[in-house]
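Keep the sequence and the model side by side.

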Amino acid sequence: MPTPPERGRSSAHEPHQHRRVAESFGTDAERYDRARPRYPQALVERIVAGSPGPGVLDVGCGTGIAARQFQEAGCRVLGVEPDPRMADRARRLGTEVEVATFEAWDPAGRAFDAVVAGQAWHWIDPAAGAAQAARVLRPGGLLAPFWSAFEFPSDLAEAVAEVCRRALPDAPFDPHAMARGALDAYRAVFAKAADGMREAGGFGAPEQWRFDWEWSYTRDAWLDQMPTQGAFTRLPPDKLAEVLEGVGAAIDARGGGFTMRYVTVAVTAVRGGAGTRGGA
């Protein structure tokens, strides 16, 4: 689930240093792949159209959710994923994956037309990640990390926030801010990604691409997704059960389902600052 980048109170602006949270997502890779939302097709199409060819490197590919969307769009995709549990799931579902952190990954002379990262770039040092991307992109190639942020309906947002506040009084995130909408929490992440591209050099001016969309959830579908969120992956079972029971009751109270508003934002830059952009 695209929650805001999870962070501790003492170093809120350096989520790439909190690898233990990133590594917690693989505890239930099957649920993660089943429950997490996909990305808007318009985003995939724009990245494909903005790349000089079909070779895509998916950084922090997880279980291959975004990778499969790019494969369906006609791309050849290689994933890089530090968690072998997630990588194994991605391979089982048809994506080639190499296990490594992106900063330490050896491209072995390979070059790509696009480097993407779905909901993962904030776990990577932004300058080191952009420098590695510059090394593996062909001239005119596109670097495009992207994130999805959500916003509950207002009445449900307050109920979910109150459940989380009661169950998790010492949570390292603001439940009310999380439930009201995650886009503001991501703005610093977008800025750091763009700054990393500028610092690394070799890229044109960064841009932001925004896509607004909605998705309807049943009670069971949302509760299936919540345990995959970074805010909840490391909770003791009794605390997680308390959160799920409370949120389930709140959804039941409004008819057993709801429509979530999403915003997906890509921070993009072209290697070399120029280059012919064509379809894959």
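Helix 7 (residues 154-167) packs against helix 11 (residues 237-253) at an angle of about 160°, and their axes are 9 Å apart. Helix 7 is therefore roughly antiparallel to helix 11, a label for angles over 145 degrees. Axes here are lines fitted to C-alpha atoms over the stretch in contact, with angles running from 0 to 180 degrees between N-to-C directions. Helices are DSSP runs of H or I with at least four residues, strands are E runs of at least two, and both are numbered from the N terminus. The model is predicted: local features need pLDDT of at least 70, side-chain atom pairs count only at pLDDT 80 or more, and totals for chains, interfaces and linings use all residues. Residues are numbered from 1 along each chain as its sequence is written, and side-chain values use heavy atoms, without hydrogens and water.

The crossing of helix 7 and helix 11 is right-handed, meaning that the near helix is turned clockwise from the far one by less than a right angle. Which residues meet? Helix 7 brings L156, A159, V160, V163, C164 and A167; helix 11 brings K239, E242, V243, G246, V247, A250 and I251. Contact means heavy atoms within 4.5 Å. The residues of this contact divide into 10 nonpolar, one polar and two charged. Ala, Val, Leu, Ile, Met, Phe, Trp, Tyr, Cys and Pro count as nonpolar, Asp, Glu, Lys and Arg as charged, and the others, Gly among them, as polar.

Now take I251, in helix 11. I251 is buried, with a relative accessible area of 0%; the cut-off for buried is under 20%, with a 1.4 Å probe and protein chains only. Beyond its neighbours within four places in sequence, I251 is in contact with L156, R219, W222, G256, G257 and F258. Its C-alpha atom is separated by 8.4 Å from that of T218, 33 residues apart along the chain.

Next, the cores. A nonpolar core is a set of buried Ala, Val, Leu, Ile, Met, Phe, Trp, Tyr and Cys residues joined through side-chain atoms within 4.5 Å. The largest has 32 residues, and L57, W105, W121, L143 and F203 have the most contacts inside it. Helix 9 gives the most to this core, with seven residues. A second, separate core of 28 residues includes L156, C164, W213 and F232.

Finish at A114, in strand 4. A114 is buried, with a relative accessible area of 0%. Sequence neighbours within four places aside, its contacts are I47, S51, G55, V56, L57, L137 and L142.

Note on methods:
Angles under 35 degrees count as roughly parallel, over 145 as roughly antiparallel, 65 to 115 as roughly perpendicular and the rest as oblique. Buried means under 20% relative accessible area, exposed over 50%, partly exposed in between (1.4 Å probe, protein chains only).
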